[in-house]
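Let's take a walk along the contacts between the chains of this assembly. Have the structure open in your viewer as you read.

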4 protein chains.
Amino acid sequence: MVYRVIRVAVAGASGYAGGEALRLLLGHPEVEVGAVTAASSAGTRLGDVHPHLMPLAERVLAETTPELLAEHDAVVLALPHGASAALAAQLPDDLLVLDCGADHRLADPVAWKTFYGSEHAGTWPYGMPELPTAPFSTTTSGAAPDKQRAALVGARRVAVPGCYPTGISLALAPGFAAGLLEPDDVVVVAASGTSGAGKGLKPNLLGSEVMGSMSPYGVGGVHRHTPEIEQNLSGAAGEPVTVSFTPTLAPMPRGILATCTATVRAGVTAAQLREAWNTAYTDEPFITLLPEGSWPRTADVLGSNVVAMGLALDERVGRVVVVAAEDNLTKGTAGAAVQCLNLAFGLPETLGLPTTGLAP
Amino acid sequence: MVYRVIRVAVAGASGYAGGEALRLLLGHPEVEVGAVTAASSAGTRLGDVHPHLMPLAERVLAETTPELLAEHDAVVLALPHGASAALAAQLPDDLLVLDCGADHRLADPVAWKTFYGSEHAGTWPYGMPELPTAPFSTTTSGAAPDKQRAALVGARRVAVPGCYPTGISLALAPGFAAGLLEPDDVVVVAASGTSGAGKGLKPNLLGSEVMGSMSPYGVGGVHRHTPEIEQNLSGAAGEPVTVSFTPTLAPMPRGILATCTATVRAGVTAAQLREAWNTAYTDEPFITLLPEGSWPRTADVLGSNVVAMGLALDERVGRVVVVAAEDNLTKGTAGAAVQCLNLAFGLPETLGLPTTGLAP
Amino acid sequence: MVYRVIRVAVAGASGYAGGEALRLLLGHPEVEVGAVTAASSAGTRLGDVHPHLMPLAERVLAETTPELLAEHDAVVLALPHGASAALAAQLPDDLLVLDCGADHRLADPVAWKTFYGSEHAGTWPYGMPELPTAPFSTTTSGAAPDKQRAALVGARRVAVPGCYPTGISLALAPGFAAGLLEPDDVVVVAASGTSGAGKGLKPNLLGSEVMGSMSPYGVGGVHRHTPEIEQNLSGAAGEPVTVSFTPTLAPMPRGILATCTATVRAGVTAAQLREAWNTAYTDEPFITLLPEGSWPRTADVLGSNVVAMGLALDERVGRVVVVAAEDNLTKGTAGAAVQCLNLAFGLPETLGLPTTGLAP
Amino acid sequence: MVYRVIRVAVAGASGYAGGEALRLLLGHPEVEVGAVTAASSAGTRLGDVHPHLMPLAERVLAETTPELLAEHDAVVLALPHGASAALAAQLPDDLLVLDCGADHRLADPVAWKTFYGSEHAGTWPYGMPELPTAPFSTTTSGAAPDKQRAALVGARRVAVPGCYPTGISLALAPGFAAGLLEPDDVVVVAASGTSGAGKGLKPNLLGSEVMGSMSPYGVGGVHRHTPEIEQNLSGAAGEPVTVSFTPTLAPMPRGILATCTATVRAGVTAAQLREAWNTAYTDEPFITLLPEGSWPRTADVLGSNVVAMGLALDERVGRVVVVAAEDNLTKGTAGAAVQCLNLAFGLPETLGLPTTGLAP
């Protein structure tokens with residue numbers, strides 16, 4: 001066994017997010033996979049739950065307990081929404097806790113209560129390093145935009161972002177941060193692979209139902225990721241931003257394609273828009289802004305930690321259209337967790353994270 | 001051979017639209033399939049081109065000539081955009097010509113020139129019977145809305161609608177006809193199966209490229225169906241309507257799911273919206289307005305001539321969201337052609353047209 | 001309401017086989033859909049269970065009782081294996097009972113017990129009209145092969161065949177009936193769409209698990225359809241035939257592709273083989289023997305009652321290879337039931353049954 | 001730029017095999033990607049051809065010339081069959097040439113001529129390290145089987161195996177090497193993802209044609225991989241082995257599932273079979289023999305260099321059934337090339353090669 005610096009446990013390892021965390025951690029040169037735990041699946045051979053993780057096939061899922069998790073340097077919580085807050089409260093302060101659930105993402109207790117129905121568990125540093133957190137100027141040279149990354153270096157609690165908010169927030173934040181977009185006319189329609197809906201046994205998620213078919217869900221502004229997107233865009237804009245968001249289910253196991261549009265302020269040009277996105281992302285290793293006229297495909301980011309996006313101004317109607325592609329399980333969940341782990345422990349931010357997708 | 005009343009030729013029978021026309025015509029009790037013609041595929045056994053049309057397997061594709069087509073009662077033109085106008089000009093006036101191409105859809109020569117680049121070929125009756133063609137009141141009882149159907153009864157020239165405009169126009173027209181929607185803030189994102197892109201050999205349409213992947217195209221308001229959608233909605237509204245439209249390619253062979261949103265006028269309620277859609281479609285055999293909280297899936301309309309739609313008001317942002325599902329080849333093309341054939345010849349409008357989808 | 005001759009109930013209407021039966025019955029010109037019944041889903045709106053059956057959306061699933069079923073002319077039993085025998089025993093003798101389950105297919109009580117584990121419920125006429133039931137000669141002109149059809153005309157009890165046995169038996173039976181194949185070296189590998197596994201909530205049937213993936217199951221001769229296939233082929237051969245059968249799950253909702261191979265007897269030529277298949281199927285409306293060098297695709301028989309097959313002799317190894325495609329829910333289940341209903345009531349055998357597939 | 005030891009060029013980089021080679025080489029810690037070359041695509045930006053290879057997006061495809069390739073330590077030839085021999089003849093002897101084409105795989109010139117139609121170009125060391133090359137005993141403890149690996153250490157010419165022969169040969173070779181199987185009754189049916197058919201623009205490879213559909217091709221023993229499989233199994237058996245092989249196309253971009261059956265010699269038990277496979281593969285890092293009753297899925301090896309297999313004895317018919325899953329582009333092509341590169345240069349055999357698949 002090669003010595004590895006950081007021992008990482010994965011709680012909720014039987015689900016899709018947990019499995020993806022394990023896949024990435026196995027490929028991370030400074031990480032040793034520690035305990036893999038679950039609730040109802042405890043006692044099961046990992047090879048029966050995640051047969052694709054062949055190097056871990058003979059591991060057995062342990063029961064999730066704070067004591068077991070506390071024996072590690074870091075823990076990825078891949079639990080159902082609402083389940084991580086209570087567990088996290090029992091974990092040591094110096095243990096890095098990467099919560100893939102929603103429990104600690106929202107700053108506004110009212111938004112939390114409205115969309116999740118339970119009591120607010122408090123807010124943790126938000127695990128989206130590339131997100132602009134304040135307005136910036138594209139004309140003042142040299143001034144790098146403020147970003148969320150600063151709050152993550154050395155952190156020991158991280159609220160890993162939701163899968164939809166990742167691509168959508170990164171797709172639109174530069175325009176808001178640069179003051180180019182109206183805050184009250186954002187419309188987003190996104191298509192997600194079925195792994196985004198989890199591994200629960202629901203009739204509408206059967207292969208026979210989803211293959212060859214597209215369908216919407218959570219229509220009418222009721223999807224729980226809506227306030228998270230608004231929080232991110234409002235932070236970038238420095239003023240409240242509202243969003244119409246419609247998610248759809250696509251016949252593919254992984255991937256999100258988010259079509260994000262907003263009304264541009266009067267007089268804004270295509271060149272100004274591209275300049276703002278360039279300013280925001282030119283140095284970001286995990287964001288690819290495609291050349292004009294090129295558009296992303298979800299296949300190109302499968303298993304990759306990259307968000308790829310293309311941008312156009314529809315002058316006829318005065319809207320910018322940004323289409324972003326990501327892997328909902330990688331950059332949309334587990335990859336972001338590993339990226340934050342790197343930041344938290346002072347490692348190179350890109351360590352162990354793929355920037356190539358598995359295509360075709 | 002059972003006697004059949006109407007002999008119908010299909011020109012451009014080697015493509016997907018032509019194949020679907022043949023599939024539907026084979027199941028039509030009053031139709032006899034006449035000549036099946038093509039350009040470069042002339043001379044080919046139909047069984048080699050459309051192996052699913054087994055009753056026609058031994059037919060051979062003839063060359064498309066006006067003389068051959070003229071021997072029929074009706075002809076479906078399933079030709080590339082721009083190819084049907086010249087051919088149609090050589091066909092007898094009393095032959096029913098159902099043009100699945102775009103050539104005769106747009107009333108505005110400038111819009112045609114802008115989006116298609118060639119000279120305008122004139123406008124034919126538009127083959128969308130259910131489309132409201134003027135504002136209507138939901139409160140004056142008994143007054144059935146004016147619809148496009150009136151122009152199709154007995155027609156001998158029909159411009160069959162585009163696949164995207166079908167679902168999108170029908171999804172939003174009631175709201176415009178009832179005066180409930182703002183005309184300048186429509187945003188539509190639609191996902192289409194790959195058959196919508198035709199049978200041409202393009203690298204991005206290979207199975208290896210499209211399976212498991214979503215991607216956008218024609219982003220930024222440049223898709224050719226945009227002016228057709230605007231024309232339809234403007235007719236219903238009685239004032240100019242503009243649309244932001246982004247199409248995407250989904251990993252499925254057939255089907256369109258269109259997420260259509262528009263800002264509602266101040267004070268408009270969910271009940272008013274539902275009332276308007278009910279008024280427009282209560283008697284329409286090929287439009288299914290799903291109950292509140294139910295949403296359509298493309299699988300449920302595969303091979304069916306139905307557009308299924310669900311509707312919600314997002315009160316937080318003041319937008320109505322209507323999601324519509326259709327089969328791009330059936331109601332989106334060939335089914336509409338057959339529906340118009342029924343109207344043109346005075347047959348029951350639903351004759352030979354499936355209202356069940358092939359699911360799962 | 002148009003008058004319809006035959007009232008048909010569907011028991012087990014909430015599953016995939018039941019749904020397909022309803023889809024076909026809706027399109028049958030002499031049938032009126034009667035009661036739709038279920039067990040745990042009783043009380044549910046049919047539109048919530050089978051949204052693709054729009055004309056029946058407002059029907060409510062009734063509880064399955066013999067009294068209710070007895071009010072009809074015919075009943076399709078689409079129940080789990082082992083559930084139909086007890087119910088059928090309570091139904092009137094003059095009610096046509098079409099059992100889509102396995103309960104009454106096998107003649108050999110030992111084979112039943114070995115593969116199904118319960119007591120044998122007796123044998124009903126087997127619903128595969130095209131199956132040769134005895135050896136035939138391809139050289140004695142004029143002598144039409146004996147077929148299973150004879151046992152179905154006027155029948156009131158029918159054991160509808162299993163989905164795999166349908167394509168596989170029809171693929172190989174002519175060779176056995178004509179005495180061209182060795183009885184002890186049949187190898188079949190078949191790929192099925194996921195609807196063949198039913199609507200039960202199993203983790204391995206989730207869309208995330210099946211999309212983009214092939215996997216085997218029931219490997220090693222343990223699949224329950226094995227004795228049914230052997231029974232059919234033995235009947236055609238006039239001697240016991242054994243079969244190595246491996247089923248696999250394919251990433252598609254419908255369809256079976258069965259690759260069926262057998263060692264040919266010494267000296268058998270490709271021409272003899274083709275002659276035997278021609279002799280068996282030349283007049284069969286639901287069997288398409290493709291020309292030499294052409295091979296079937298499952299897409300071409302989607303929703304169709306046709307089995308399409310291609311045939312080749314591999315002279316290097318002395319095996320015939322027949323590849324057959326069918327829709328597991330149509331010809332593989334519900335279509336066969338309707339075909340038998342036609343035979344039982346003296347209607348044209350093809351009435352209401354599609355012979356075109358839904359492609360692309 | 002980090003210093004990297006080995007500079008590797010990829011010729012034919014625009015195809016799927018070339019793209020996969022680049023994906024793996026990018027993740028290899030001792031490799032620097034050198035020239036990327038093509039024929040008709042020369043001059044194209046790599047980002048337009050393989051958008052998933054984001055780190056190489058701005059590279060431009062060069063024209064394939066021997067001079068350019070000769071500047072490297074190794075070259076991967078991912079060219080059409082028949083194109084690599086002429087090019088390879090112009091390359092220096094000390095340059096490692098990894099030929100993903102078929103040109104140098106077959107030892108028998110007659111078999112080459114029969115299946116490929118051109119002149120035989122000679123035979124290179126065959127790049128399947130795990131393949132037993134001679135009969136072995138499972139009872140004599142300590143005697144490790146002879147394997148192909150020996151011929152690859154330090155090699156400078158490697159014939160990378162075909163995608164089908166990889167999984168199929170490895171699935172059956174242990175049984176032949178251990179003397180447990182009859183040599184004249186092997187039947188294999190395999191399902192491949194569409195990338196196995198390459199990137200050529202053929203109508204039957206369009207997404208609309210392949211999604212939701214299974215179809216066979218090369219039926220009747222005519223597929224070019226047949227003699228390669230027979231060569232491999234004959235080597236293991238020490239006597240001529242013949243194979244009936246039928247390939248099918250599955251609706252997925254990647255992956256092969258091969259169902260491989262053979263008649264066992266009289267008296268062979270399930271325990272003997274498992275022992276033989278264990279003897280052959282217990283130390284192989286890229287072969288996973290699943291526990292009894294477990295079966296592989298192609299999704300579990302996507303992007304991985306592993307062949308996973310399950311094994312059962314069907315005692316009723318006296319056949320062993322081994323089902324093997326692989327990624328046709330990884331272990332089936334480019335991964336094998338990188339594995340051989342590691343062996344050729346004396347690196348750890350597993351360096352840079354994933355053993356986890358991308359699931360779900």
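## The A–B contact

Chain A and chain B bury about 3,500 Å² between them, and carbon and sulfur atoms give 63% of that area. Of the area that chain A buries against chain B, 17% comes from Met214(A), Arg297(A) and Arg316(A), more than any other three residues supply. Please keep in mind that this is a predicted model.

How many residues does the contact take from each chain? Chain A gives 44 residues and chain B gives 44 residues.

## Charges and polar pairs

There are 6 salt bridges between chain A and chain B. The side chains of Arg297(A) and Glu209(B) form a salt bridge, with 2.6 Å from N to O. Polar contacts between chain A and chain B come to 12 residue pairs, with both residues at pLDDT 80 or more.

## What chain A brings to the contact

Several elements of chain A give two or more residues to the side that touches chain B. Among them are the strands β7 (181-192), β9 (243-249) and β10 (256-264), along with the helices α7 (207-210) and α8 (226-237). Sorted by class, this side of chain A has 22 nonpolar, 14 polar and 8 charged residues.

## How chain D relates to chain A

Now for another pair of chains. Chain D is superposed on chain A by a rotation of 180° with 0.0 Å of shift along the axis, at an RMSD of 0.0 Å. The two copies are therefore related as by a two-fold rotation axis.

Which C-alpha of chain D is nearest the axis? That of Gly212(D), 3.6 Å from the axis. Both copies use the same surface, as 100% of the contact residues of chain D recur in chain A.

Notes
Residues numbered from 1 in each chain as written. Chains lettered and ligands numbered in written order. Predicted model: local features only at pLDDT ≥ 70, side-chain atom pairs only at ≥ 80, totals over all residues. Heavy atoms only, no water. Contact = heavy atoms within 4.5 Å. Buried area = accessible area lost by both parts, 1.4 Å probe. Salt bridge = Lys/Arg side-chain N within 4 Å of Asp/Glu carboxyl O. Polar contact = N/O pair within 3.5 Å; in protein donor to acceptor, adjacent residues only side chain to side chain. Helix = DSSP H or I, 4+ residues; strand = E, 2+ residues; numbered from the N terminus. Nonpolar A, V, L, I, M, F, W, Y, C, P; charged D, E, K, R; others polar. Least-squares fit on C-alpha atoms with pLDDT ≥ 70 in both.
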